[in-house]
Amino acid sequence: MRMSGAERVAILDIDIHHGNGTQQIFYERPDVLTVSVHADPDRFPVFFSGYADEFGSGAGEGFNVNLPLEHGSDDAAFVDAIAAGMRKVEDFGPDVLLIALGLDAYRGDPLSVFEVTTNGFRQAAETIGAFNEPIAILQEGGYPCPELGENLVAFLDAIDG
Ligand SMILES: [Zn+2]
C-alpha cells in the first residue's frame, strides 16, 4: 500500500463517540471522506457535533457523513450503519480507507450505551472487508473491560479473512 501516494482518503470511524476532531480537520475538503458511526450525541459526548445534518461545507460539502444511532443499539443496528457508511466509501472510491477502530461500542465497556457484542465486532469487520477497499487500521479507544482484547482479536481476525 502506498500511503504516501494516496490522493483520495476515506476515514470510517466506528468508535461510539463522534469523530469530532477528524470531522473538523477535513470539513471543507472534498478529497477526504469522513464517515462516523456513533451514539446519538443529543444525550452523549461529545454533544456538540455528530448530527446527521453535518455534511461538510464549501468544497467539502457532501464529504462528511454522520450516522448517529439510538442508545441501546445492538449488533444489527451497528453493522447496518457500518454497511451504509461503507456504501458511501465505495461511491467515493478512495485510494485508502482508514478505519478508526474504537471498541467502546461494546456492551460491557464502561462508557458504552450500545449493546454491541464481540460477535458484532466480528460482523462489522466482515462487512468492511467485503467491500475490498485497501485499508489501514488505527486503534483508538475502548475502555478497560475484560473482553477488550477479545473484541480486538475478533475484529482483526475477521477483517483479515
Ligand atoms: Zn470513544
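This is a predicted model: local features need pLDDT of at least 70, side-chain atom pairs count only at pLDDT 80 or more; totals for chains, interfaces and linings use all residues.

**Entry 1: Thr118.** I began with Thr118, which counts as buried because its relative accessibility is 12%; buried means under 20% relative accessible area, exposed over 50%, and partly exposed in between, with a 1.4 Å probe and protein chains only. I found Thr118 in helix 3; helices (H or I, at least four residues) and strands (E, at least two) are DSSP runs, numbered from the N terminus. Setting aside residues up to four places away in sequence, I see Thr118 touching Tyr106, Glu150, Asn151 and Ala154, where contact means heavy atoms within 4.5 Å.

Residues are numbered from 1 along each chain as its sequence is written, and side-chain values use heavy atoms, with hydrogens and water left out.

**Entry 2: around helix 3.** Next I followed the chain through helix 3 (residues 118-129), which makes a right-handed β-α-β unit with strand 4 and strand 5. Right-handed here means that, with the strands pointing away from the viewer, the path from the first strand over the helix to the second runs clockwise. Strand 4 (residues 96-101) and strand 5 (residues 135-139) pair in the parallel sense over five bridges; two strands pair if DSSP finds at least two bridges between them. I checked two positions along this pairing: Ile99 stands opposite Ile137, and Leu101 has Gln139 as its bridge partner.

**Entry 3: strand 4.** How many residues of strand 4 are buried? I get six of the six, so strand 4 is largely enclosed by the rest of the structure. Val96, Leu98 and Ala100 point one way, while Leu97, Ile99 and Leu101 point the other way. Strand 4 also pairs with strand 1, in the parallel sense and over five bridges. In that pairing I noted Val9 opposite Val96.

**Entry 4: the core.** I then turned to the largest nonpolar core, with 35 residues; such a core is a set of buried Ala, Val, Leu, Ile, Met, Phe, Trp, Tyr and Cys residues joined through side-chain atoms within 4.5 Å. Leu12, Phe78, Ile82, Ile128 and Phe155 touch the most other members. Two or more residues each come from strand 1, strand 2 (32-39), strand 3 (64-69), helix 2 (75-92), strand 4, helix 3 and helix 4 (148-160). Which element gives the most to this core? Helix 2 does, with six residues.

I listed the contacts of Leu12, leaving aside neighbours within four places in sequence: Val35, Ile82, Met86, Leu97, Leu98, Ile99, Ala100 and Ile128. Apart from this core lies another, of seven residues, among them Val9, Ile11, Phe26 and Leu98.

**Entry 5: the zinc ion.** What coordinates the zinc ion? I find Asp15 (OD), Asp15 (OD), His17 (ND1) and Asp104 (OD), at 1.9 to 2.8 Å. Donors are N, O and S atoms within 2.8 Å of the metal (3.2 Å for Na, K and Ca), and water is not among the atoms, so sites may look incomplete. The angles among the four donor atoms run from 52 to 155°, and the site is irregular. For reference, four donors are tetrahedral if all angles lie between 85 and 135 degrees; four count as square planar and six as octahedral if opposite donors are over 155 degrees apart and all others between 65 and 115; anything else is irregular.

Along the chain the donors follow the spacing D-x1-H-x86-D. Asp15, in the loop between strand 1 (9-13) and helix 1 (20-26), and Asp104, in the loop between strand 4 and helix 3, are 89 residues apart and link distant parts of the chain. I have both Asp15 and Asp104 down as buried.

**Entry 6: Asp13.** I found Asp13 in strand 1, and it counts as buried because its relative accessibility is 5%. Asp13 and Val37 are 24 residues apart in sequence, with their C-alpha atoms 6.2 Å apart in space. Beyond residues up to four places away in sequence, Asp13 touches Gly19, Val35, Ser36, Val37, Ala100 and Glu140.
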